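Thank you all for coming. Please look at the model on the screen while I talk, and keep the sequence beside it.

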Amino acid sequence: MILHAVRRTVSEMSILIPLAILGLLSGALAQKAGLLSFEGQAVTVVPPEVVTIAPHAFEYRDATEYFRNGLAIDAPQQQEAMVVPLDVMKYQVTQAEYDRCVSDAACIPSEAGATLPNDSIPVTGVSYDDAGRYAAWLSQHTGQEWALPTDFELAYAAADRFPDDALGIDPDDRNPAKRWLADYEREARRSASVDPHPQPKGSFGISQTGLVDFAGNVWEWTSTCNRRIDLDKAKVHEDLDPASCGVMIAAGRHRSPMNSFVRNPKGGGCSVGAPPDNLGFRLVRRPSLLESIANFARRATAQLLAPIVKT
């Protein structure tokens, strides 16, 4: 029986690994021919320091607002598992880094730019649209693809630092007083920081995955749209397009739905609850095609060799 299992694994490997190698060779030839663009081209800005989040299982509560019987209920919490690593900026984008984009006329000056010229201070006073412009500029000048993380990716990266905004009320309980009290207590815990001014790198600690300053006093933009789902309706709910939804999730000590054009969270635009102290961001680096193929080949090889190693 063991011999049969080994032969079957080897047979599968004889098909899958050559396909992966073929993909790598095809990608390399396409790159050499100029048909594909990968990192290393037109590098005029040193890429920021990243941490690579290793694949791991984690609990994730959807950023969507759920309603049943006209009452808000907690979004479901599910056990998720990522199978690929994620490269994410170790630190939030700083004011000095952002100002380089402004100097190139690719970004609009932040609202806090005149008062925060320090390279160790995160940029604040920036909107979701500002963050998108910076990501495009950084991608162009590093030859790598940079983007805002989704709420899911930020939860995966921040790990123990990511908030759980659940009220903890039984979804079948129709007593509105319980929800009012739970919501009041939650908002009390979200009181403003003693010092809301942006602080130097490292002021708010590090997550178990290596992410610095998440859940400090700078909330971070994500590319996830704010959604509301009424479970009493049978309509199928699809993911919204970030380009058109208008209200995005900013995450920090708690999640905040914010209009994409808002730069000062205390000036309006927060859908519900206590507003963030500040709005900033960090980016994730998307793998190139060649990296994706190589990662696939490594995962496939590891999976196919696992039964052999065990025997």
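I will call a residue buried when its relative accessible area is under 20%, exposed when that area is over 50%, and partly exposed in between, using a 1.4 Å probe and protein chains only. This is a predicted model, in which local features need pLDDT of at least 70 and side-chain atom pairs count only at pLDDT 80 or more, while totals for chains, interfaces and linings use all residues. Residues are numbered from 1 along each chain as its sequence is written, and side-chain values use heavy atoms, with hydrogens and water left out.

Helices (H or I, at least four residues) and strands (E, at least two) are DSSP runs numbered from the N terminus, and the protein chain has seven helices and 13 strands. Of its 311 residues, 42% are buried.

Let us turn to strand E8, residues 219-225. Which way do its residues point? Trp219, Trp221, Ser223 and Cys225 point one way from E8, Glu220, Thr222 and Thr224 point the other way, and all are buried.

Two strands pair if DSSP finds at least two bridges between them. E8 is joined to strand E12 (residues 279-280) by two bridges, running parallel, with Trp219 opposite Leu279; three bridges join E8 to E10, running antiparallel, and there Glu220 stands opposite Ala251.

A nonpolar core is a set of buried Ala, Val, Leu, Ile, Met, Phe, Trp, Tyr and Cys residues joined through side-chain atoms within 4.5 Å. The largest has 26 residues, and Trp221 is among those with the most contacts inside it. Helix H3 (128-142) is one of the elements that supply at least two residues of this core, and H3 gives the most, with six.
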